[in-house]
Amino acid sequence: MDESANDAPEATGTGTRCGVVAVLGAPNAGKSTLVNALVGQKVAITSPKAQTTRARHLGIALAENADGEPTQIVLADTPGIFAPRRRLDRAMVNAAWEGADEADAILLVVDPIKQRRHELMPLIETLAQRPERKILVINKVDASKKEALLVLAQDLDAQAKFDEIFFVSALTGDGVGELKAHLASLMPEGPWLYPEDQVSDASQRLLAAEITREQLYLQLREELPYDSAIRPEAYVERPDGSVEIRQQIVLGRDSQKPIVLGKGGARIKAIGEAARKELSKLLGQKVHLFLHVKVQENWAEDKELYEVLGLDWVK
């Protein structure tokens, strides 16, 4: 997962296609799960917790269009768009809209079960005014009744005039192939932006921090409030081919520390073990993961940490 796009292949003659697709939606609509499904492997973390995605990350999918032309689809996986209250919220919403700027197409991903209308409708109103090609993706069809899905799609289409509508399940893969083929058909002719074997713009150091944050959310769910972060401290390749990763779990209050540590350190050990296994699988090498907890009140006002998270510092 190299950060550089300098080694991207040049277009040779005609037929090489590449474009950018912004993936927008309310929090927890399944955007990251859909990006992972389109890419064909995990490039973004997921959890039942709303607002899991914080910064804008790129997932890079390869396909062929109907004419057999090799196509690269650069998917901007964005944070969910919601009414921002804190500096962190504002930075996340800014990152989402930046992902939509100059995109060749915008995907609006909607969860038909938990529609989050208070966040979805302002988003629909804004999209109705934007010039980009707009595609409505109704997600989680595996858990919804067909009649209700059609009614929802018609309602949203009447308000934003989408160019296409797709019904998918990012979790099971139902409909994802058809959506990917359609996106490939929309990509303009041009050189690829990234090498063929690159699936994300995230560095391995940042990916490792995200995987640990995912486990933090998955294992603690509602026990841990949203105000936590992972600060990467070290990422060192060892001579034996393994990698040593050191990370800091940043919490906003002292009362959260015993929750993360668990009795006798059992919880942080379980978080670290699950993250280590996931990273070993993703990186294809043995991982030594070391975690420690730091309480930093108002960490969401720490400019340096925003840079680590890949977010812009906003007022």
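**Overall packing**

I began with contacts, counted when heavy atoms lie within 4.5 Å, and found that residues 24 or more positions apart account for 74% of the contacts in the protein with a separation of 6 or more. The model is predicted, so I kept in mind that local features need pLDDT of at least 70 and side-chain atom pairs count only at pLDDT 80 or more, while totals for chains, interfaces and linings use all residues. Residues are numbered from 1 along each chain as its sequence is written, and side-chain values use heavy atoms, with hydrogens and water left out.

I then listed the secondary structure, taken as DSSP runs numbered from the N terminus (helices are H or I, at least four residues; strands are E, at least two), and the protein has nine helices and nine strands. For burial I used relative accessible area with a 1.4 Å probe and protein chains only, where buried is under 20%, exposed is over 50% and partly exposed is in between; of the 315 residues, 54% count as buried. The accessible surface, from the Shrake-Rupley method with a 1.4 Å probe, comes to about 14300 Å², and 49% of this surface belongs to carbon and sulfur atoms.

**Helix pairs**

Two packed helices are described by the angle between their axes and by the distance between the axes. The axes are lines fitted to C-alpha atoms, for helices over the stretch in contact, and the angles run from 0 to 180 degrees between N-to-C directions.

I looked up helix 3 (residues 117-128) and helix 4 (residues 146-160), whose axes come within 8 Å and cross at roughly 40°. This pair is therefore oblique, given that angles under 35 degrees count as roughly parallel, over 145 as roughly antiparallel, 65 to 115 as roughly perpendicular and the rest as oblique. On the helix 3 side the contact is made by Arg-117, Leu-120, Met-121, Ile-124 and Ala-128, which meet Leu-152, Asp-155, Leu-156, Gln-159 and Ala-160 in helix 4. By class, these residues are seven nonpolar, one polar and two charged, where Ala, Val, Leu, Ile, Met, Phe, Trp, Tyr, Cys and Pro count as nonpolar, Asp, Glu, Lys and Arg as charged, and the others, Gly among them, as polar.

Next I took helix 1 (residues 31-39) with helix 5, which pack at an angle of about 75° with axes 10 Å apart, so the two helices are roughly perpendicular to each other. Here Leu-34, Ala-37 and Leu-38 of helix 1 meet Val-176, Leu-179, Lys-180 and Leu-183 of helix 5. I noted six nonpolar residues, no polar ones and one charged residue in this contact.

**Loop residues**

In the loop between helix 5 (176-186) and helix 6 (204-220) I checked Gln-198, which is buried at a relative accessible area of 4%. The side chain of Gln-198 reaches the backbone oxygen of Ser-200 at 2.9 Å. Pro-195 is found in the loop between helix 5 and helix 6 and counts as buried at 13% relative accessibility; its C-alpha atom is separated by 9.6 Å from that of Ile-60, 135 residues apart along the chain.

I also noted positive phi values. Lys-140, in the loop between strand 5 (133-138) and helix 4, has phi near 60° although it is a residue other than glycine, and it counts as partly exposed at 25% relative accessibility. Lys-161, in the loop between helix 4 and strand 6 (164-167), has a positive phi of about 55° and counts as exposed at 59% relative accessibility.

Technical notes: Polar contact = N/O pair within 3.5 Å; in protein donor to acceptor, adjacent residues only side chain to side chain.
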